[in-house]
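Please read these notes with the sequence and the 3D view open side by side.

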Amino acid sequence: MLDNDTGHTIFLEDLEIGMKRDLTKLITDADIEKFAEVSTDHNPVHLDEEYARETVFEGRIAHGMLTAGLISAVIGEQLPGHGTIYLGQTLKFMAPVRPGDIVHVEVEVAEIDHKKRRVRLLTQASIGKTVVLRGEANVLAPSKKLD
């Protein structure tokens with residue numbers, strides 16, 4: 001991991017539209033292998049270079065959900081942070097992530113419903129200028145008044 005400002009909570013009352021947090025991580029062979037083990041997804045496109053070279057990707061790629069998990073890390077650790085509950089996430093995978101890629105994930109507050117404690121977040125992952133994943137998350141944000 002290159003940077004990740006972890007362990008903070010931004011309560012519902014302190015959130016603002018346009019607020020952003022991010023994380024940058026180098027994706028390693030070990031990350032992919034650990035994700036395969038935990039998820040039980042042993043698709044050879046992730047683990048077998050010889051097999052993966054013969055696919056449309058022309059080489060190994062990381063699990064899409066490994067990249068999506070970095071979005072979860074930003075939401076659960078930074079924005080809003082500890083105490084946040086995921087309600088939903090849309091994901092559009094736009095380009096592969098490979099071992100050795102440095103992925104930058106950004107989460108931005110798009111909408112806040114204070115009465116329901118709901119927050120809509122724009123989510124994106126990039127490698128350099130290439131967007132590899134885009135989506136939206138809906139979360140229940142922690143509140144100073146209720147938690």
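Predicted model: local features only at pLDDT ≥ 70, side-chain atom pairs only at ≥ 80, totals over all residues.

1. Strand β6 and its partners. Strand β6 covers residues 130-140 and pairs with strand β3, residues 85-93. The sense is antiparallel, and the pairing runs over eight bridges.

2. Arg120 has Asn138 as its bridge partner in β6. Ile127 has Thr130 as its bridge partner in β6.

3. The β5 and β6 hairpin. How many residues lie between the strands in the hairpin of β5 and β6? There are two. Gly128 in this hairpin takes a positive phi near 60°.

4. Strand β4. Strand β4 spans residues 102-113 and pairs with β5 in the antiparallel sense. Nine bridges make up this pairing. Within it, Glu108 stands opposite Leu122 in β5.

5. The β4 and β5 hairpin. Here four residues lie between the strands. Arg117 is in the loop between β4 and β5. Its phi is positive, near 65°, and Arg117 is not a glycine. Most residues other than glycine have a negative phi, so such a value deserves a look. Is Arg117 buried or exposed? Arg117 counts as buried, because its relative accessibility is 17% and the cut-off for buried is under 20%.

6. Thr40. A positive phi also turns up at Thr40, at about 65°, and Thr40 is not a glycine either. Thr40 lies in the loop between α1 (29-39) and α2. Thr40 counts as exposed, because its relative accessibility is 59% and exposed means over 50%.

7. A cis peptide bond. Which residues does the cis peptide bond join? Leu79 and Pro80, with omega about 0°. Pro80 sits in the loop between α4 (64-77) and β3. Most peptide bonds are trans.

8. Ile85. Ile85 is found in strand β3. At 45% relative accessibility, Ile85 counts as partly exposed, because that value falls between the 20% and 50% cut-offs. Ile85 and Pro142 are 57 residues apart in sequence. In space, their C-alpha atoms are 8.1 Å apart.

9. A negative patch. Which residues gather in a patch of negative charge on the surface? Asp48, Glu49, Glu50 and Glu54 do. Asp48 is in the loop between α2 (44-47) and α3 (49-53). Asp48 has a relative accessible area of 34%, which makes it partly exposed. Asp48 can belong to the patch on accessibility because a patch residue needs over 30% relative accessible area.

10. Where to look again. For the backbone, go back to Thr40, with its positive phi of about 65°, and to the cis peptide bond between Leu79 and Pro80. For the surface, go back to the patch of negative charge that includes Asp48.

Methods:
Residues numbered from 1 in each chain as written. Heavy atoms only, no water. Patch = residues over 30% accessible without salt bridge, like charges linked within 9 Å, V, L, I, M, F, W, Y side chains within 5 Å. Areas by Shrake-Rupley, 256 points an atom, 1.4 Å probe, with all protein chains shown as cover. Salt bridge = Lys/Arg side-chain N within 4 Å of Asp/Glu carboxyl O. Lys, Arg positive; Asp, Glu negative; His and termini not counted. Charge placed at Lys NZ, Arg CZ, Asp CG, Glu CD. Buried < 20%, exposed > 50% of the residue type's maximum accessible area, 1.4 Å probe, protein only. Pairing = 2+ DSSP bridges.
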